[in-house]
Amino acid sequence: MLLAYVIASIAYVLVSIHLCWALVRHRPIAKGFSLGMLGLGILMHASIIYPQVMTIYGLNFNIFNIISLTSLFFLLFYTLFSLYRPILSLGILAAPTAFIGLSAGYFGRAPYKPLIDLGIGLETHILLSIAAYCVLFMAALQAVFLRLQIRELKHRTIHRLWVEKLPPLESMESLLFDMILVGFILLSLALGMGFVYVHDLMAQHIAHKTVFSVLSWLMFGALLVGHWRAGWRGKRAANITIYAFILLAIGFVGSKFVLELVLKTN
């Protein structure tokens, strides 16, 4: 497992350095090298997190495993989007994020009682929740980049780093709403299955998580409707995306942090 961690770490660091060099020196990004190294990192990352989550005692979704798994899915979705979207430059955050998540999962320890005897419904709910979180995490990062681009264009700055290094504003907005739509669908399915298969919210310490997730779902839904009916875009869309994701993050990660590291419960 140590060898896999070292290989994945080297792959993530090399891609981060290459992207940073290419952006600073105004050089083209080597797509084949970047995606190849990220693919290697994803394979090694998966080989590490799989036995940590799929234990002989049951599923172990402690906070550090969740962070590692989330960063892995995040990088996987980024790589898939990169196959047909001009977003390689966004890997300047994707690769370091994956490295941080990988390290958190490898070195982090938290008390947790493995989940046993889960039905297919709950397992699907968990996987959909993680997938939705990853896609919406990407949307939040995309919204931050969009805000930076809009700020440079609005203030007509001389050195337009984000405008020059990132895809055009229209492409960034289109990608943002693609991510939001995919994430919203996944989150809708996850919440729907959660309400069907989870019967006692208070006993399972997930009432607060459900409340924040529903609030986030409502905000993302309102944004999609506003974009479709009223043409919401630009700064407004970016701000709503960021706020909605913060709510989701509080419910998804914040609750696990409080329960496992502060209250020492499962």
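Predicted model: local features only at pLDDT ≥ 70, side-chain atom pairs only at ≥ 80, totals over all residues.
Local features need pLDDT of at least 70 and side-chain atom pairs count only at pLDDT 80 or more, while totals for chains, interfaces and linings use all residues. Residues are numbered from 1 along each chain as its sequence is written, and side-chain values use heavy atoms, with hydrogens and water left out.

Start with the fold. The protein has 9 helices and 2 strands (DSSP runs: H or I of at least four residues for helices, E of at least two for strands, numbered from the N terminus). Along the sequence the order is α-α-β-β-α-α-α-α-α-α-α. Of its 266 residues, 48% are buried (under 20% relative accessible area; exposed is over 50%, partly exposed in between; 1.4 Å probe, protein chains only).

Now take helix α1, residues 2-24, which holds Ser16. Ser16 counts as buried because its relative accessibility is 15%. A polar atom of the Ser16 side chain lies 2.8 Å from the backbone oxygen of Tyr12. Beyond neighbours within four places in sequence, Ser16 is in contact with Ile92, Ala95 and Pro96 (contact: heavy atoms within 4.5 Å).

Val6 also lies in α1. Val6 is partly exposed, because its relative accessible area is 36%. Val6 belongs to a nonpolar surface patch with Leu2, Ile10, Leu14 and Phe33. Patch residues have over 30% relative accessible area and no salt bridge; nonpolar side chains (Val, Leu, Ile, Met, Phe, Trp, Tyr) are joined within 5 Å, like charges within 9 Å. A salt bridge puts a side-chain nitrogen of Lys or Arg within 4 Å of a carboxyl oxygen of Asp or Glu. Helix α1 gives the largest share of the patch, 4 residues.

Definitions and conventions:
Polar contact = N/O pair within 3.5 Å; in protein donor to acceptor, adjacent residues only side chain to side chain. Areas by Shrake-Rupley, 256 points an atom, 1.4 Å probe, with all protein chains shown as cover.
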